[in-house]
Structures are given as C-alpha cells and as structure tokens.
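Me: I'd like to go through this model and ask where its labels come from. Could you set each value against its cut-off as we go?

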Amino acid sequence: MEPVHDAIILGGGAAGLFCAARAGQRGRNVVVLEKASEVGRKILISGGGRCNFTNIHTAPDRYISANPHFAKSALARYTPRDFLDLVEAHGIPWHEKTLGQLFCDGSARQIVAMLLAECAKGGAVVRTGQEVGAVDHADGVFTVATQQGPVRGRALVIATGGPSIPKMGATGFAYDLARRFGLKVVEPRPALVPLTLGGEDVLFRELSGVAAPVAASAGTGSSKARFREAALFTHRGLSGPAILQVSSYWKHGEPVTIDFLPDADADWLLDAKRAQPRAAVRTVLRGPLPERLADALAGRLGLDGAMAAQTDKVLRGAQERLRAWPFHPNGTEGFAKAEVTVGGIATAGLSSQTMAARGVPGLYAIGEAVDVTGWLGGYNFQWAWASAAAAAAAL
Ligand code: FDA
C-alpha cells in the first residue's frame, strides 16, 4: 500500500493544481486526483483560449457570497500582483485587455503548463483519469477509493469546482462530499449566464445579434449591482458582458433594468427636440443606439413622427423609460451555459484564513466549490489562486 500523503487534493483544476504546487514547495507530500484525462480543462477554454487569469482591480466587493467578508483575508494575502509575478517568472507574455482584465498573449495552455511545472518543482504528484469513489475518514486519515486502489492522506482538499458546464464533466460532487462531512451548502445557481426572455419581452428577440453599450442593474438591497458594459440581444433573450454580470445578482421573479442611454444628459431628448425639431424620433435615437434597437424602442414607446410633434412631457417620460427599461427574464440558459456557480459550500463552516472545515480537522475546500463567486473578468481565477494559497499555507 502506498504511504499516507500529507494531503490529497481532489480536482486538478485551477485551485487544485495551484494548491498542490504551493503545498509541495513547502515540503508537503501531496497528490492530486483528477477525474478527467487532462488537468485544467476550464483553464484551457477560458478567456476564449487566452485565459483571463486575473484582474488588477480585484477587491472583496467584486465577489458574491452569503458572507461578503469571507474572501477578504485570502484575497489580501495572495494578490493579482503575486500571480502576475509567477506568470512573468515563467516568461508568459500577457496584456491588459479592458477593465483590468489580464490575458495571455499566446494561449491558456501556457497557464496550465506553468501550474504543472510548479507542481513538479514541489514534487506534487498529479494523477489524471482518477474516478474517485467513497471517501472515508478515520483516525485522522482520509481514504479515497479509486480504481487504482485506496489513496490515503492526513488532509483532504475539495477542489472539484462547481456544476457549471456539465458537458465537461462538472457536477455537484464537491457539495455531496461537503455535506457528507456535515458542511452546509448554499443553494447553487448558474451565474455569468445569458438570461432568457418570455411574455411581452419576447418581442425583443427579433433584435437577435444587436449589441449596445448599456448599464444593466439587478438585485435588491445590499446585493444590488449595476454594470456599464455591452448587452447583446440573442434569439433566446439577453447576453453580453453587462447581462452576464447582472445574472449573478438576478433571482427568479425579479426584473433586470437596462439603461439604454448611460451617457445621456438628464434632458437629452428635450435638448434634441430644440436642436433638431424636424428629425424623426427614431433618427435621433439612432445617435447613441444601434439602428435596429433605436427603431424597436421608438416603436415600443409609440414615438412616431418628428421630434417637434412630441410634447415635452412625452419626451421626458420616454427618456425616463430609456434610462430604466425593465425586462422580466423568465430564466437563465442554465448550468449548461454558465461560466460559474453562485452558491456552494457554505463559508460559515470554513476558516477564512485557511479554508479548513471547522468541524473536521484536515478537511479543506477551495476554488469555485466554495460559496464565493467573482465578477466576470479574471476575478474567479484570482479567487481560485488566493483560496488555494491560503489552504496550501496551512497544509
Ligand atoms: P475547476 O472547474 O477549474 O477544476 C475542478 C477540477 O476538478 C476539474 O478539473 C474537474 O475535472 C475535477 N473534478 C470534478 N469532479 C471530480 C471528481 N469527482 N474527482 C476528481 N476530479 C474531479 N474565470 C476567470 O477568472 N477568467 C476567465 O477567463 C474565465 N473564463 C471561463 C470560460 C468558461 C467557458 C468557463 C466555463 C469558465 C470560465 N471562468 C473564467 C471560470 C473559471 O474557469 C473557474 O472559476 C475556475 O476554473 C474554478 O477553478 P476550480 O479549480 O475551483 O474548478
């Protein structure tokens, strides 16, 4: 029988590989058990194949969790600069795309190769194609059944991610395992996901393919958020970065509000009436908005004819509506299209310093499996790196 490892890490994704590398380099004897035939498959498809590996604007308020304070400690102790130093030490060329998002110039494969090189440097063993069966815990030792026989470790790190993109093999495995050890799970929901439209809103589907710079808002109370980015109409509803961002805050039954004129002055339409009285309303709307969208919105507002033919009251009302157009999504495109999962292993049962389970010595949970979800734009990988580093320092 093989010796008892210091730690078994379940899942060879972003968090699992990084945790293995850091723990290995601290002299720990660690083994990663990855179910798939290759590691880091979500890294490989991320950022359109270029991996948006971090965001320089990382801050705790860019993460969603039942406990918004939980991520603070780990994020503060392992920063985007720390990860960038590693990327640069491996000679991987990178660039900032927009909004602080850092991407590889070349390929996401370079990030996976870097993580594997770091694992090798620490002597961490990475095994792929490992179908994990029962997990037992007795006398301070975790035993994980695999087809190749039992693997034993004094610590067990759950790094198997969330259920987004099931066709890549993603499941709720982490949650089942956590529950088995008495941890609670915050209801998982698809996040960073397109929204679907029904009812009255269905008419907007005719705009499929149209994109516009907007400000989209969703959520209530302290979990309300507003994002100024592009929205995209699709044949099923709404997508684009602004919508993906608000989807993480949206709940069934609530509206998503879109400001189609985020840059317009308060009296923009009234000023336009004075400046271009003979212009058709839709022509004026085509200034800030794409043509098909301008025409559809003018039609829905009943604004036919010239600007001069509209009363000031009507124009004021129209501007108000364009600044806060309510959509009523009837759902999301689900885990099949969700980049991440909101919810997951409840942070109440974990230490924010070490990611260790409070009631089970030696058990840890990191990465997307935990109820910490970042905005779009590299924030989720930064959480994977930071939570992995926090756990590795304690292993
Ligand atoms: P991750 O999912 O990476 O790894 C979990 C690993 O565990 C997988 O390798 C899986 O096969 C394995 N596993 C699962 N069950 C197992 C079991 N029972 N036994 C053994 N192994 C098991 N984020 C970002 O910051 N920037 C970006 O550019 C993108 N882009 C992006 C694109 C797309 C299409 C998706 C779907 C997601 C992104 N993300 C992203 C999100 C990012 O991929 C995600 O947050 C991290 O991969 C989470 O890292 P983890 O290591 O926690 O899980």
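Me: Which strands each supply at least two residues of the lining of the second largest pocket?
Reply: In this predicted model, they are strand S4 (63–64), strand S12 (185–191) and strand S20 (340–345). S12 gives the most, with 3 residues. Strands here are DSSP E runs of at least two residues and helices are H or I runs of at least four, numbered from the N terminus.

Me: What makes it a pocket rather than a cavity?
Reply: On a 1 Å grid over the protein atoms alone, a cavity is a set of points where a 1.4 Å probe fits but cannot get out, while a pocket is an open set with protein on both sides within 12 Å along at least five of seven lines. A residue counts as lining if it has an atom within 4 Å of a point. The volume of the second largest pocket is about 430 Å³, and of its 19 lining residues, Ile64, Ser65, Ala66, Ser223 and Tyr249 are the closest to its centre. That volume is the space filled by probe spheres set on the points, which are joined across faces, edges and corners.

Me: How many nonpolar, polar and charged residues are in that lining?
Reply: There are 8 nonpolar, 5 polar and 6 charged residues. Asp, Glu, Lys and Arg count as charged; Ala, Val, Leu, Ile, Met, Phe, Trp, Tyr, Cys and Pro as nonpolar; and the others, Gly among them, as polar.

Me: Which domains does the lining draw on?
Reply: At least three residues come from each of domain 1 (7–189 + 337–394) and domain 2 (195–332). Those bounds come from an automatic or database domain assignment. Taken over C-alpha atoms, the domain centres are 38 Å apart.

Me: What makes a group of residues a nonpolar core?
Reply: They must be buried Ala, Val, Leu, Ile, Met, Phe, Trp, Tyr or Cys residues, joined through side-chain atoms within 4.5 Å. The largest such core has 135 residues, and those with the most contacts inside it are Ile111, Phe260, Ile345, Trp383 and Trp385. Helix H12 (residues 379–394) gives the most to this core, with 11 residues. As for Trp385, its contacts beyond four places in sequence are Ala14, Phe18, Ile43, Phe53, Tyr78, Phe83, Ile111 and Leu115.

Me: Is Gly334 buried or exposed?
Reply: Buried means under 20% relative accessible area, exposed means over 50%, and partly exposed is in between (1.4 Å probe, protein chains only). Gly334 has 17% relative accessibility, so the label is buried. Gly334 sits in the loop between strand S19 (329–332) and S20, and it touches Pro190 and Val193, leaving out residues up to four places away in sequence.

Me: And why is Gly129 called partly exposed?
Reply: Its relative accessible area is 34%, so it gets the in-between label. Gly129 is in the loop between strand S7 (125–127) and strand S8 (132–138). Beyond four places in sequence, Gly129 touches Glu34, Lys35, Ala36, Ser37 and Gln148.

Me: What sets Cys51 and Asp139 apart on accessibility?
Reply: Cys51 comes out at 0% and is therefore buried, whereas Asp139 reaches 81% and is therefore exposed. Cys51 has a positive phi of about 50 degrees although it is not a glycine, and Asp139 also has a positive phi of about 50 degrees without being a glycine. Cys51 is in the loop between helix H2 (41–45) and strand S3 (52–55); Asp139 is in the loop between S8 and strand S9 (141–146).

Me: What about Pro60: how is it labelled?
Reply: At 28% relative accessibility, Pro60 counts as partly exposed. Pro60 lies in the loop between S3 and S4 and, beyond four places in sequence, is in contact with Lys72 and Leu75.

Me: How much of the whole chain is buried?
Reply: Buried residues make up 54% of the 395 residues. The chain has 12 helices and 22 strands.

Me: What are the ground rules behind these values?
Reply: Local features need pLDDT of at least 70 and side-chain atom pairs count only at pLDDT 80 or more, while totals for chains, interfaces and linings use all residues. Residues are numbered from 1 along each chain as its sequence is written, and side-chain values use heavy atoms, with hydrogens and water left out.

How values were computed:
Contact = heavy atoms within 4.5 Å.
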